[in-house]
Amino acid sequence: MSYSISVIIVTARGDYPIIGLPNTFIFEPTFRSLEKQTFKDFEVVVVDALYPRRRWFMERRFSFPVKYVPPHAGHRFWLDRGLWSVCGMLNTALLHVEGELILRLDDCCEIPDPNFLKRVWEFYQSGYFPMAMHVRYHAGKPARVSNEYLKHGYEARYAIMPVSYTHLTLPTN
């Protein structure tokens with residue numbers, strides 16, 4: 001089956017490293033916000049350096065398909081030496097995606113806009129390559145997730161910047 005969007009999440013961190021929320025499992029914010037998306041034609045591919053340690057979470061029932069995979073043997077050079085290899089992990093994810101558009105998310109991010117994937121897809125369908133950036137603020141400063149942050153909310157500043165395909169073409173010489 002193919003999808004409009006493949007969301008890639010790569011991770012090598014421990015289970016509970018979210019600053020300010022020591023008891024929140026790293027994937028909770030990301031998967032919670034993906035569940036709230038109004039655009040439903042997407043899959044999630046998670047490449048985990050600690051595979052299969054978090055299989056229990058990935059086997060939950062989500063409203064979208066999830067592929068939970070280990071890093072490919074050919075992409076483990078740095079991991080086998082105790083170093084983080086985001087490029088190898090992304091290459092592994094690319095072997096498993098079925099979407100027309102690929103979107104990479106951090107492993108513990110939260111998407112505040114339930115129409116985020118819809119907007120990304122619409123920009124893409126309009127002939128643009130969407131690039132997104134999201135920064136949260138609390139009390140006028142970039143926010144870290146904490147109980148106060150969750151209780152009082154935050155001000156989200158994010159943008160989806162459409163980039164014309166013509167800016168991405170390489171010279172033919």
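## The sheet

Val44 stands opposite Val66 in strand E3. This is a predicted model. E2 and E3 run parallel, and 4 bridges join them.

The open sheet is built from 4 strands. Their order is E3-E2-E1-E4, and the pairing is parallel. E3 and E4 stand at the edges. Each has a single partner strand, so one side of each is left without a neighbour in the sheet. On average, neighbouring strands are turned by 20 degrees against each other, direction ignored.

Helix H4 lies across E1, E2 and E4. Against E4, H4 runs at about 130 degrees.

## The nonpolar cores

The largest nonpolar core has 27 residues. Those with the most contacts inside it are Ile5, Val7, Phe27, Phe31, Val44 and Leu117. Several elements each supply at least two residues of this core: strand E1 (3-11), H1, strand E2 (42-48), H2, strand E4 (99-105) and helix H4 (116-125). H4 gives the most, with 5 residues.

What does Val7 touch, not counting residues up to four places away in sequence? Its contacts are Phe42, Glu43, Val44, Val45, Leu103, Leu105 and Leu117.

## The aromatic rings

A pair of aromatic rings is described by the distance of the centres and the angle of the planes. The count here comes to 16 aromatic pairs. Take Phe25 and Phe27: their ring centres are 5.6 Å apart and their planes stand at 70 degrees. Planes over 60 degrees apart count as edge-to-face, so this pair is edge-to-face. Phe25 and Phe27 are both buried.

Phe31 and Phe64 form a tilted pair. The distance is 5.9 Å centre to centre, with 35 degrees between the planes. This pair links distant parts of the chain, 33 residues apart. Phe31 sits in helix H1 (residues 28-35). Phe64 sits in the loop between helix H2 (55-58) and strand E3 (66-69).

Why do Phe31 and Phe64 count as buried? Buried means under 20% relative accessible area. Phe31 has 1%, so it is buried. Phe64 has 5%, so it is buried.

One aromatic cluster is formed by Phe25, Phe27, Phe31, Phe42, Trp56, Phe57, Phe62 and Phe64.

## A charge over a ring

Arg81 places its charged end over the ring of Phe77. That end sits 3.7 Å from the ring centre.

Conventions:
Residues are numbered from 1 along each chain as its sequence is written. This is a predicted model: local features need pLDDT of at least 70, side-chain atom pairs count only at pLDDT 80 or more; totals for chains, interfaces and linings use all residues. Side-chain values use heavy atoms; hydrogens and water are left out. Rings of Phe, Tyr and Trp (its six-membered ring) pair if their centres lie within 6.5 Å; planes under 30 degrees apart count as stacked, over 60 as edge-to-face and the rest as tilted. Buried means under 20% relative accessible area, exposed over 50%, partly exposed in between (1.4 Å probe, protein chains only). A charge sits over a ring if NZ of Lys or CZ of Arg is within 6 Å of the ring centre and within 35 degrees of the ring normal. A nonpolar core is a set of buried Ala, Val, Leu, Ile, Met, Phe, Trp, Tyr and Cys residues joined through side-chain atoms within 4.5 Å. Contact means heavy atoms within 4.5 Å. Two strands pair if DSSP finds at least two bridges between them. Axes are lines fitted to C-alpha atoms, for helices over the stretch in contact, and angles run from 0 to 180 degrees between N-to-C directions.
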